[in-house]
Amino acid sequence: MRKGGEMREEDNEGVVMANDFFWSYTDEPHASRRRQILSQYPQIKELFGPDPFAFFKIAVVVSLQLCTAIILHDAGWLKMLAIAYFFGSFLNHNLFLAIHELSHNLAFSTPVYNRWLGIFANLPIGVPMSITFQKYHLEHHRFQGVDGIDMDVPSCTEAQFVTNTISKAIWVIFQLFFYALRPLFLKPKPPGYWEFINLAIQVALDGILLYFWGWKSFAYLILSTFVGGGMHPMAGHFISEHYVFNPEQETYSYYGPLNLMTWWVGYHNEHHDFPRIPGNKLHKVKEIAPEYYEGLDSYKSWSQVIYMYIMDRSIGPFSRMKRKLSKKSA
C-alpha cells in the first residue's frame with residue numbers, strides 16, 4: 001500500500017499534510033483473516049447468532065430517554081443542554097450503535113424483526129435513519145474502502161476543506177452531519193417501503209411529543225443526538241475505527257470502558273472479522289485467537305483519539321485507506 005498523491009507544503013512545524021488517501025492494492029484484510037482464524041479455531045462459530053437480551057436493553061434505553069424528554073418539557077435551555085450532553089447523548093449514541101448491531105440481524109434470527117426493533121430504537125434519535133443506515137453499512141463491510149462504494153470514507157470535498165486544526169475541530173463537531181448526508185449526495189439510493197415506514201413512525205412520535213409536551217422535549221432529543229455525535233467521548237469511535245494512524249493498518253480496535261455503553265463496537269477488528277457475532281461476545285474472539293489481535297495497534301481512550309486527530313497536523317479526512325473494486329468483490 002502507498003500514500004497516494006503529492007504532499008502539501010510544509011507548515012511552520014515542519015509537518016507535511018497529504019492531499020490524497022492511502023491506496024491499497026490488496027483486498028480488505030478481514031475476509032482472509034476470518035478464514036485463517038476459523039480454520040485454526042472452528043469453535044468460534046459457536047459465538048454466531050443473536051444477543052437474546054438485545055430487545056430488553058434497547059427497550060430500557062428508549063423508555064429512559066423518552067421519559068427524560070417529557071420531564072424536561074419546561075426546563076431552561078442551559079439545563080437542557082447540560083443534561084443532553086452529559087446524559088442524553090450517551091443514551092442516543094447507545095441507540096445509534098444498537099441500530100448498528102441490528103443492521104447485522106443480531107437481536108433476532110428473523111431479519112424483519114430486527115428491522116422493526118431498529119425502527120423502535122430510532123425513536124429517541126429524532127430523525128429516521130435506521131433503515132437507510134443498514135443499506136449503506138452493509139456495503140461498508142462488503143466493500144471496505146472501495147472507491148465510490150464505501151460511504152464511510154470522507155469525500156474529497158470534505159478533505160480539501162478540512163486542512164488544519166481549526167477546520168478539523170469544526171469537522172468533528174459536525175461529523176454526524178457529514179456521516180449522515182455524505183451517502184445521500186455521493187451515492188443516493190431510492191427509498192423503499194421500509195424507509196417510508198421508518199419515516200412515518202418517526203414523524204408520528206415527533207408529532208406526539210410536539211403536540212403534548214412542546215418543542216423543548218423534541219429539542220432535547222435532537223440535542224442529545226447532535227452533541228453525542230460530535231465533540232464527545234462516545235463519538236471517538238467514528239475516528240478510531242478506520243482512520244489511518246499507522247500506514248500498515250486500516251482497522252483499529254478500542255479496548256476501553258466505554259465499550260460497556262456502546263455494544264462493544266470498540267472491538268472493531270473483531271467485528272469486521274466476524275460481523276455475525278454480537279458485540280457482547282466479541283471479546284471472546286480475542287481471547288480464543290489472541291495472536292491475531294495482540295500485535296495490532298489499538299486504543300484505550302476515544303477522547304485521546306479525537307485529540308490526536310485534531311492536533312496531529314499530518315492526520316485528516318484523507319487519512320483513510322481506499323482501494324479500487326476488485327473483480328472478486330464485484
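Me: How far apart are the end C-alpha atoms of residues 78-100?
Reply: The model is a predicted one. Residues 78-100 form one of the spans that the unreviewed UniProt entry annotates as "transmembrane region". Over this span the chain is 100% helix and 0% strand, and its end C-alpha atoms are separated by 31 Å.

Me: What is the end-to-end C-alpha distance of residues 161-181?
Reply: The UniProt record also lists residues 161-181 under "transmembrane region". Here the chain is 81% helix and 0% strand, with the end C-alpha atoms lying apart by 16 Å.

Me: Which element gives the most residues to the lining of the largest pocket?
Reply: The largest pocket has a volume of about 970 Å³. Among its 36 lining residues, V127, P128, M129, L176 and A180 are the closest to the centre. Elements giving two or more residues to this lining include α3 (77-103), α5 (130-142) and α8 (175-186). With 7 residues, the largest contribution comes from α8.

Me: Which elements do the buried residues of α5 pack against?
Reply: α5 has 13 residues and spans 19 Å between its first and last C-alpha, close to the expected 18 Å. Its buried residues, among them S130, F133, H137 and H141, each have under 20% relative accessible area. They pack against α3, α4 (111-122), α8, α9 and α12 (268-273).

Definitions and conventions
Residues are numbered from 1 along each chain as its sequence is written. This is a predicted model: local features need pLDDT of at least 70, side-chain atom pairs count only at pLDDT 80 or more; totals for chains, interfaces and linings use all residues. Side-chain values use heavy atoms; hydrogens and water are left out. On a 1 Å grid over the protein atoms alone, a cavity is a set of points where a 1.4 Å probe fits but cannot get out, and a pocket is an open set with protein on both sides within 12 Å along at least five of seven lines; lining residues have an atom within 4 Å of a point. Grid points are joined across faces, edges and corners, and a volume is the space filled by probe spheres set on the points. Helices (H or I, at least four residues) and strands (E, at least two) are DSSP runs, numbered from the N terminus. UniProt positions are given in the numbering used here, feature names are shortened, and annotations may be inferred rather than shown by experiment. The expected span of a helix is 1.5 Å times one less than its number of residues. Buried means under 20% relative accessible area, exposed over 50%, partly exposed in between (1.4 Å probe, protein chains only). Contact means heavy atoms within 4.5 Å.
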